[in-house]
Amino acid sequence: MFRWAVAFAFALVSAIALAAAASWATLAKDEVHDPTAPMLGMLQEPRDALGQLAAKAPDTAGNLVSWMQALDAGQITPRTNIHPETIVKLRTTDVLLRNTGEMPMVRFPHRQHTAWLDCSNCHDQLFAQQAGATRINMMLILAGEKCGLCHGAVAFPLTECKRCHSVDRGSPEHAAFGKGIVREATQ
Ligand code: HEC
Ligand code: HEC
Ligand code: HEC
């Protein structure tokens with residue numbers, strides 16, 4: 001029963017992702033902007049902005065830009081704070097989430113996330129600051145909670161299973177985690 005529910009939810013997400021895919025729709029056809037608005041021509045078309053980034057940091061999903069690659073390569077330098085008193089904090093630990101059934105395990109990387117986000121975007125309302133303390137599973141994620149609050153919305157879509165489920169059991173990456181931060185298998 002549970003497995004069917006998960007399979008159905010995946011099918012639904014895939015269908016939505018396929019419908020939303022396509023390269024960059026023009027503003028007149030994106031179903032967000034009013035195509036009859038007289039000032040539409042004043043706005044930059046997505047292909048003009050995203051095309052340049054995608055040329056150097058291409059992606060196969062979402063809006064076809066690898067935002068992590070673009071950031072790491074210095075192609076973009078997003079403003080980290082508006083108020084000067086804000087303390088920008090980075091964290092570099094990875095957490096290994098092992099409760100993934102037959103799928104490879106999930107590596108959650110803090111560095112990549114804190115390059116864009118503040119701790120308070122996730123802690124403590126989405127996740128407690130302790131590996132394994134929070135209930136996370138694929139149904140919640142597909143329902144738009146936990147990782148699914150951003151992935152599929154502002155970050156790469158949930159159809160990209162392998163980007164999260166990236167650590168095979170018994171692989172060198174698994175061994176390299178060693179005594180690192182490993183989430184115990186709790187639901
Ligand atoms: C944004 C990251 C992310 C993506 C993308 C993702 N998953 Fe997951 N998945 C997770 C996390 C996190 C867990 C929970 C792991 C834990 O609790 O140890 C999980 C758990 C699971 C589980 C274990 C059972 C369950 O219901 O929790 C399965 C099976 C699974 N995912 C399949 C998939 C498949 C198939 C895809 C692609 C269609 C996918 N996942 C895409 C992050 C992701
Ligand atoms: C995108 C969401 C997100 C952001 C932003 C984030 N974290 Fe986390 N954090 C997580 C997740 C997911 C876990 C693992 C939770 C689990 O296993 O239940 C975690 C675990 C932790 C843990 C326990 C494991 C470890 O790394 O020691 C600490 C401590 C922590 N976070 C601190 C921080 C701090 C400090 C910041 C800001 C510099 C931050 N986090 C930013 C999602 C985030
Ligand atoms: C608050 C928003 C937010 C949440 C919650 C969140 N992410 Fe992300 N994640 C991002 C953003 C933004 C990026 C960078 C843009 C992209 O790669 O699409 C990212 C990137 C990633 C990457 C790619 C890193 C790389 O090197 O390319 C992985 C893997 C990932 N997230 C896994 C997870 C997992 C697993 C969870 C849940 C445990 C999670 N994320 C929760 C926003 C979030």
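How far does a polar side-chain atom of His165 lie from a nitrogen atom of ligand 1? The separation is 2.8 Å, within the limit for a polar contact, which is a pair of N or O atoms within 3.5 Å (within protein, one must be able to donate a hydrogen and the other to accept it, and residues adjacent in sequence count only if both atoms are side-chain atoms).

## Ground rules

This is a predicted model, in which local features need pLDDT of at least 70 and side-chain atom pairs count only at pLDDT 80 or more, while totals for chains, interfaces and linings use all residues. Residues are numbered from 1 along each chain as its sequence is written, chains are lettered from A and ligands numbered from 1 in the order in which they are written, and side-chain values use heavy atoms, with hydrogens and water left out.

## The iron of ligand 1

Met138 (SD) and His165 (NE2) coordinate the iron atom of ligand 1, at 2.1 to 2.2 Å. Donors here are N, O and S atoms within 2.8 Å of the metal (3.2 Å for Na, K and Ca); water is not among the atoms, so sites may look incomplete. The arrangement is octahedral because the six donor atoms subtend angles of 86 to 178 degrees; for six donors, that label requires opposite donors over 155 degrees apart and all others between 65 and 115. Met138 belongs to helix 6 (residues 138–142) and His165 to the loop between helix 7 (161–164) and helix 8 (172–177), so the pair ties together parts that are 27 residues apart in sequence. Helices are DSSP runs of H or I with at least four residues, strands are runs of E with at least two, and both are numbered from the N terminus.

Is His165 buried or exposed? His165 counts as buried, at 11% relative accessibility, whereas Met138, at 25%, is partly exposed. Buried means under 20% relative accessible area, exposed over 50%, and partly exposed in between (1.4 Å probe, protein chains only).

## Around ligand 1

The shell of ligand 1 has 20 residues, and Asn99, Met138, Cys161, Cys164 and His165 come nearest; a residue is near if one of its heavy atoms lies within 4 Å. By class, the shell has 12 nonpolar, five polar and three charged residues. Nonpolar covers Ala, Val, Leu, Ile, Met, Phe, Trp, Tyr, Cys and Pro, charged covers Asp, Glu, Lys and Arg, and the others, Gly among them, are polar.

Backbone atoms also meet the ligand: a backbone N or O atom of Ile136 is 3.1 Å from an oxygen atom of ligand 1, and a polar backbone atom of Arg98 is 3.4 Å from an oxygen atom of ligand 1.

## The iron of ligand 3

His113 sits in helix 4 and His151 in the loop between helix 6 and helix 7, so the pair ties together parts that are 38 residues apart in sequence. His113 is partly exposed at 21% relative accessible area, while His151 is buried at 11%.

Which residues come nearest to ligand 3? Of the 18 around it, they are His113, Cys147, Cys150, His151 and Phe156.

Definitions and conventions
Four donors count as tetrahedral if all angles lie between 85 and 135 degrees; four count as square planar and six as octahedral if opposite donors are over 155 degrees apart and all others between 65 and 115; anything else is irregular.
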